[in-house]
Amino acid sequence: MSTPHDPYVRVRGAREHNLQDVSVDIPRDTLTVFTGVSGSGKSSLAFGTIYAEAQRRYFESVAPYARRLIHQVGAPAVGEVTGLPPAVSLEQRRSTPGARSSVGTVTTLSNSLRMLFSRAGDYPAGAERLDSDAFSPNTAAGACPECHGLGRVHRTTEELLVPDPSLSIREGAIAAWPGAWQGKNLRDVLDALGHDVDRPWRELGAGEREWILFTDEQPVVTVHPVREAGRIQRPYQGTYMSARRYVMHTFADSRSRTLRARAERFLTSARCPVCEGGRLRPEALAVTFAGRSIAELAGLPLTSLAELLRTAGGDDAARVLTADLLARIGTVTELGLGYLSLDRTAPTLSSGELQRLRLATQLRSGLFGVVYVLDEPSAGLHPADTLSLLGVLGRLKDAGNSVFVVEHQMDVVRRADWLVDVGPLAGEHGGRVLHSGPPAGLANVPESATRRFLFGEGPAPAREVREPTGWLRLNGVERHNVRGVDAAFPLGVFTAVTGVSGSGKSTLVGQVLAGALADRQAAGAADAPVEHPVSGCASALGLEAVDRLVQVDQKPIGRTPRSNLATYTGLFDVVRKLFAGTDTARERGYRAGRFSFNVAGGRCETCQGEGFVSVELLFLPSTYAPCPDCHGARYNPHTLEVTLRGLDIAQVLDLTVESAAGFFADTPAAARSLRTLLDVGLGYLRLGQPATELSGGEAQRIKLAAELQRTRRGHTLYLLDEPTTGLHPADVEVLTRQLHGLVDAGDTVVVVEHDMAVVAGADWVIDLGPGGGDRGGRIVAAGTPAEVARAADSRTAAYLGAHLGPA
């Protein structure tokens with residue numbers, strides 16, 4: 001029964017995604033943790049139902065016209081939610097922030113620092129006092145006019161644009177030009193302008209080559225296309241664009257990541273010669289505080305910046321502004337992010353780091369009576385930093401807020417006031433609340449997958465450590481905060497790289513090691529020591545023992561609903577061929593393309609194969625509804641008349657991986673893909689599940705499954721950066737079993753990892769530190785897990801030792 005002063009958020013009849021008519025009561029003003037295996041429905045309850053309903057109610061208070069300007073999620077599938085305060089969501093967003101977004105802009109610390117320089121900076125004699133906007137590289141008043149506030153300038157050269165000067169323009173000498181019709185158009189425009197497109201590039205005059213590649217002119221000329229057999233092409237007005245102009249325009253303005261990456265191949269990047277990387281106009285860089293410019297202070301780790309500000313002194317304005325800055329920085333460093341600098345760009349941050357930065361900002365906001373809904377705030381945190389995180393969450397609660405957290409870290413779960421465990425398994429086998437109450441009560445729920453990890457079963461049994469088959473050595477590593485390090489990675493074993501946040505783990509593994517291997521593969525085989533200055537190390541030895549490098553990350557497998565599990569793994573090709581081979585399809589002349597929802601022919605044209613249509617409402621936001629013709633099936637009626645063992649193509653795509661494994665058991669090409677997906681614990685996903693609905697952990701395991709189903713060729717080195725992020729401990733066991741299987745098959749696995757259960761099961765551990773940023777970047781311990789657990793300088797040692805148990 002809900003009353004005006006009911007202290008509970010009461011959910012009734014939640015049916016979002018796989019939730020099975022869930023009803024649950026959650027007390028307000030508590031730290032409540034939602035647990036369950038991946039895909040169990042915990043995020044559907046916390047974010048998809050509770051937060052979505054709070055957001056919907058807020059938008060109802062906004063004027064209808066204004067609502068059209070705000071991106072909204074749809075109303076959740078729930079009967080009723082009562083006792084729900086306003087909510088703030090801090091999800092691990094997987095969209096890519098812009099290059100101008102930084103630690104300073106995310107936390108608003110940049111605003112405070114600019115105000116400090118504007119009001120209390122030391123100005124050169126006779127200089128006018130500047131407004132705070134003049135200290136921002138993102139405003140016209142402050143940005144360096146040469147690099148537009150980016151700190152770097154991009155240039156191109158004839159050698160980059162024309163790698164093979166023996167070719168003619170018609171033969172493709174200008175490699176930077178676009179492909180297909182656009183490139184042919186530029187060639188024809190040049191031909192119409194009187195340039196010889198059939199002469200080898202090197203035989204053209206220097207002035208002519210310069211104009212073709214670098215002119216800013218855009219002449220318009222009538223083009224008379226060469227008539228092709230069976231096609232009549234009419235003359236048209238063509239506009240010329242130089243190769244440099246095309247590359248710069250694509251790199252700066254294209255929304256396609258693929259096109260930008262292609263354009264970047266033809267550019268060199270260098271520090272801006274005017275601002276020398278400071279990003280600002282000279283008059284702003286001339287102002288100092290404590291003897292340093294704002295660009296110099298923005299480049300310091302936050303811990304170093306705080307130390308400088310504490311001793312800076314100054315007048316009353318300076319003291320007030322530095323005190324505010326120190327308080328804001330303190331919250332960020334408390335969350336284990338003191339190694340970051342204000343000018344660190346947001347695209348280089350992990351989703352966990354971004355979420356904790358937003359959490360630090362919220363802690364300073366002073367809100368109360370709010371429900372904060374957080375998505376795994378411990379993601380990417382070393383166990384040593386978890387205590388600080390719990391302190392911050394406790395302060396949010398003590399300020400009069402309710403903190404609802406989706407979490408897999410058992411240390412966080414144990415400190416919760418209330419626990420909602422969803423399960424018992426994933427997908428259609430989950431979606432039920434198994435326990436809602438104090439964490440201790442979960443001990444009485446035998447079907448919970450969380451129970452045995454929360455209450456512990458003692459250290460894992462010791463596993464015999466494998467012997468390396470060789471060594472891969474990086475000498476003189478110099479990259480970011482990793483300075484002068486010699487690192488040795490054993491081959492043929494499972495290696496875990498550990499260390500606190502910002503200690504240099506991802507730099508050493510994801511950039512230097514991966515870069516050295518990529519350089520060698522690009523250069524070809526070489527048995528001798530190879531110099532790799534580009535990859536951040538003086539030399540690399542043993543690379544010849546690795547035939548193939550595979551990096552498995554948590555980036556999305558696709559950015560639109562048209563990309564899904566079946567299309568990414570190649571399973572959809574097999575399924576479409578099976579449908580094309582049925583008697584009905586052969587009689588009608590249907591080929592495999594008929595069964596794709598991405599092309600005309602077999603798809604429903606009303607929704608263009610999307611399965612839903614946008615419904616425009618006057619003065620209300622657009623909403624999506626199932627297609628009135630195909631009712632979400634995505635195909636037209638004639639295509640759906642073709643069945644395979646009683647199911648049409650839409651019904652097959654709606655099968656879970658687990659169900660599909662039985663359905664396609666006698667089809668080897670499909671069975672292999674499905675078996676690997678089951679092996680990595682993804683049996684609950686639907687074959688047609690859109691990529692946009694998948695978590696980062698699910699995307700990573702799909703990529704791993706795609707690798708597992710490939711035919712092995714030579715020695716492969718697998719690099720994974722925090723593969724257990726977003727995974728329940730039960731799912732971690734499934735994943736690590738697969739990774740150890742790769743090693744047993746003769747390959748090498750290197751993981752950057754914070755989960756001590758995974759580290760304890762490794763053959764070799766490389767621990768970086770001892771701290772983050774400038775206080776890290778060196779190897780403090782390397783050896784077997786038992787050896788590293790005894791290392792005196794390692795912050796990892798104590799936590800690893802607890803998982804190993806007594807020697």
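The lining of the second largest cavity divides into four nonpolar, four polar and two charged residues. Here Ala, Val, Leu, Ile, Met, Phe, Trp, Tyr, Cys and Pro count as nonpolar, Asp, Glu, Lys and Arg as charged, and the others, Gly among them, as polar. A cavity is a set of points on a 1 Å grid over the protein atoms alone where a 1.4 Å probe fits but cannot get out; lining residues have an atom within 4 Å of a point. Volume is the space filled by probe spheres set on the points, which are joined across faces, edges and corners.

This is a predicted model: local features need pLDDT of at least 70, side-chain atom pairs count only at pLDDT 80 or more, and totals for chains, interfaces and linings use all residues. Residues are numbered from 1 along each chain as its sequence is written, and side-chain values use heavy atoms, without hydrogens and water.

The structure holds two cavities of 30 Å³ or more.

| Cavity | Volume | Lining residues |
|---|---|---|
| Largest | about 40 Å³ | T107, R328, T331, V332, L357, A360, T361, R364 |

Strands (E, at least two residues) and helices (H or I, at least four) are DSSP runs, numbered from the N terminus. In the largest cavity, α13 (316-334) and α14 (351-363) each supply at least two lining residues. That lining has three nonpolar, three polar and two charged residues.

Technical notes:
On a 1 Å grid over the protein atoms alone, a cavity is a set of points where a 1.4 Å probe fits but cannot get out, and a pocket is an open set with protein on both sides within 12 Å along at least five of seven lines; lining residues have an atom within 4 Å of a point.
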